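Hi,

Here is the structure I said I would pass on. Have a look at it first, and then read my notes below.

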Amino acid sequence: MLDSKSHPNRLGIWGWLGGGRWGVERYLYTLHRLTGLGLLAYFLLHIVVTSGRAFSAAAWTRAMSQVSGPFFKVGEYLVFLAFCFHAINGIRLGLVELGFAVGKPIEPVYPYRTSVDVQRPLALAALAVAFVLAVIGTISMWSD
Amino acid sequence: MMRDQKLWAWHLIAGAVILVLLGVHMLTMHMEGVIRIQSLNPASVEHVDKDRVPQTRDQKSDEEDIHPIDWANVRARGVRTLYMASYIFLLGAALFHGLYGLRNILFELNPAVWLRKTLSALLLLLGLGLFVYGAWAAVMARAIARAWKA
Amino acid sequence: MSTKFENISYRIRRFDPERDTAPHWEEYRVPYTPGMTVLEGLWKVKELHSPTLAWRSSCRMGVCGSCGMLINGKPRLACNTQIAELSSDTVVVAPLPNFDIVRDLVPELAPMFASHQALMPYVIREDVEEREHPTNEFFQSAHELEHYLQFTYCIKCGCCMAACPTFATDALYSGPMPLGQAHRYNSDTRDGGFAARKQMLVGEPGPWRCHYAGECSRVCPKGVDPAKAIQLMKRELVFDYLGLHKTKCPANVAGKPTDGKRRDNIPEAPPHTV
């Protein structure tokens, strides 16, 4: 390596989020990460709260009444939306990352058609399915 | 330290398990208003002995108002061994999937070697602790549900 | 877009390690001619305004991979980018991110080449003697060639590394170029080095921190599609973990035909002239 006074130029976390000129998969990557973190935070709390049923029926009912109310209902709704996206996009990622939806290696001829273009219909389909699930859940949760 | 090849493969397998079990869980909890499957929320459909069942909301007028999270449903589900086993299975899969995902994100921040080891150990302890607590709760809840039934 | 303008602005991120403590932006105006590339504009800046401006370039035809830069927010080859295609009369040029800046637009690519080298981007075979002193070519069908041909077009310009979100923070991750090239050799039927490369690939330098943001493939100026190579590599490694990976025997040496018979109607080759 050169012994020079070079200046560090890694983008850092901005490089994770940096959108703008990028494609839809970059946003899906960011959203998958954010929804994953949100779901994990909820899940860890969920384990603690729902384990109240181990003590008695009354303890369960008390725990559930503590997490009722509009604040928790909206929070729960956001978790549900995050689940819809993370689950369906997760199916896409599973297929793509095991190399089943990226196409075979091809001779690159300009204009290049990359694996990102090959899996694009799957990405759009995943978004559509997640949207439909979110709508069903929305109707179900807010209809009463 | 476990190799990422192994951990990532299990991350994917756990994801598939979660997809099925959490799919059923979500169907039970949030889509009941649209898609009702009797075996998932038995108390919402079958006749409920209102005198014996404490409910989160007052003045339950008819059985349509029994919510998936009301004790009647929790008891009806929790009494079954298959439900208890699936809860524990889902708990383990989701804890591994989520905590490995978090570890991935934290490791991408390029922490020092000592911090990597500390983070791995902390996440492992957190995961094991919550798994034991959650599994114990599922077993105990089944016992309580059975006692309630008797 | 309209390309009727006569002059064009260049905003260039400058850094001189002898004078500056941090990079800064400088702006220049140069005459525009139709068909001008970003690289030609840089030469104009050097000629008319700032003789000290430094960058790497060589072939000026998208073959050598020297002039990778961040041009209007996207990693590209300066020689391969027409100013007209930028849809702006201002060309914003910065050194490729995720690499240290040596000077002005010159990135320090040595860490990338170190990762590349660590993943053994060459044919590995047990018959070392045949590899080093070949007696003949190895058998490989046209179909087998297609398994890796796309990945051989890589010119190591570093654009993919600059676009990768994981490489923006994670120094242990090898990045798209080295991983793509490791897969290029793993999927070559003449190669028997999967087990050797696996020692590195199962751990932190491996493909596990790729989450398919797809940026590397989107910016690759040669259509190499490193993201595809990385996903195919993941499949091989997961299958390997599950015991489903098919171990291929490296292709044999093609022996010289012994029972061939020359057809009568083929004339003799003319005598050597040199």
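**Where chain C meets its neighbours**

Let's start with a pair of side chains: Arg116(B) and Glu204(C) meet in a salt bridge, 2.9 Å from N to O. (A salt bridge here is a side-chain nitrogen of Lys or Arg within 4 Å of a carboxyl oxygen of Asp or Glu.) Between chain C and chain B the count is two salt bridges.

Before going on, some housekeeping. This is a predicted model, where local features need pLDDT of at least 70 and side-chain atom pairs count only at pLDDT 80 or more, while totals for chains, interfaces and linings use all residues. Residues are numbered from 1 along each chain as its sequence is written, chains are lettered from A and ligands numbered from 1 in the order in which they are written, and side-chain values use heavy atoms, with hydrogens and water left out.

Back to chains C and B. The contact (heavy atoms within 4.5 Å) takes 16 residues from chain C and 14 residues from chain B. Together the two chains bury about 1,500 Å², with 55% of it on carbon and sulfur atoms; buried area is the accessible area (1.4 Å probe) that two parts lose on being put together, summed over both.

Now for chain A. Here the contact takes 56 residues from chain C and 42 residues from chain A, and the two chains bury about 4,000 Å² between them, 57% of it on carbon and sulfur atoms. The rule finds three salt bridges across this interface. Arg26(A) and Glu215(C) meet in a salt bridge too, at 3.0 Å from N to O. Which helix of chain C gives the most to the side that touches chain A? That is helix 9, with eight residues. (Helices, H or I with at least four residues, are DSSP runs numbered from the N terminus.)

**Inside chain C**

Helix 6 (residues 176–186) of chain C is mostly covered, with eleven of its eleven residues buried. Buried means under 20% relative accessible area, exposed means over 50%, and partly exposed is in between (1.4 Å probe, protein chains only). Among the buried residues are Met177(C), Leu179(C), His183(C) and Tyr185(C). What covers the buried residues of helix 6 includes helix 2, helix 5, helix 7, helix 8 and helix 9 of chain C.

Glu137(C) sits in the loop between helix 3 (128–132) and helix 4 (142–146) of chain C. Is Glu137(C) buried or exposed? Its relative accessibility is 57%, so Glu137(C) counts as exposed. Leaving aside neighbours within four places in sequence, Glu137(C) is in contact with Asn252(C), Val253(C) and Ala254(C). The C-alpha atoms of Glu137(C) and Arg190(C) are separated by 9.9 Å, though these residues are 53 apart along the chain.

**A pair of rings in chain A**

Over all chains, the count comes to nine aromatic pairs. Rings of Phe, Tyr and Trp (its six-membered ring) pair if their centres lie within 6.5 Å; planes under 30 degrees apart count as stacked, over 60 as edge-to-face and the rest as tilted. Phe71(A) and Phe72(A) have ring centres 5.4 Å apart and planes at 85°, so the pair is edge-to-face. Phe71(A) counts as exposed at 67% relative accessibility, whereas Phe72(A), at 37%, counts as partly exposed.

Cheers

Key: Helix = DSSP H or I, 4+ residues; strand = E, 2+ residues; numbered from the N terminus.
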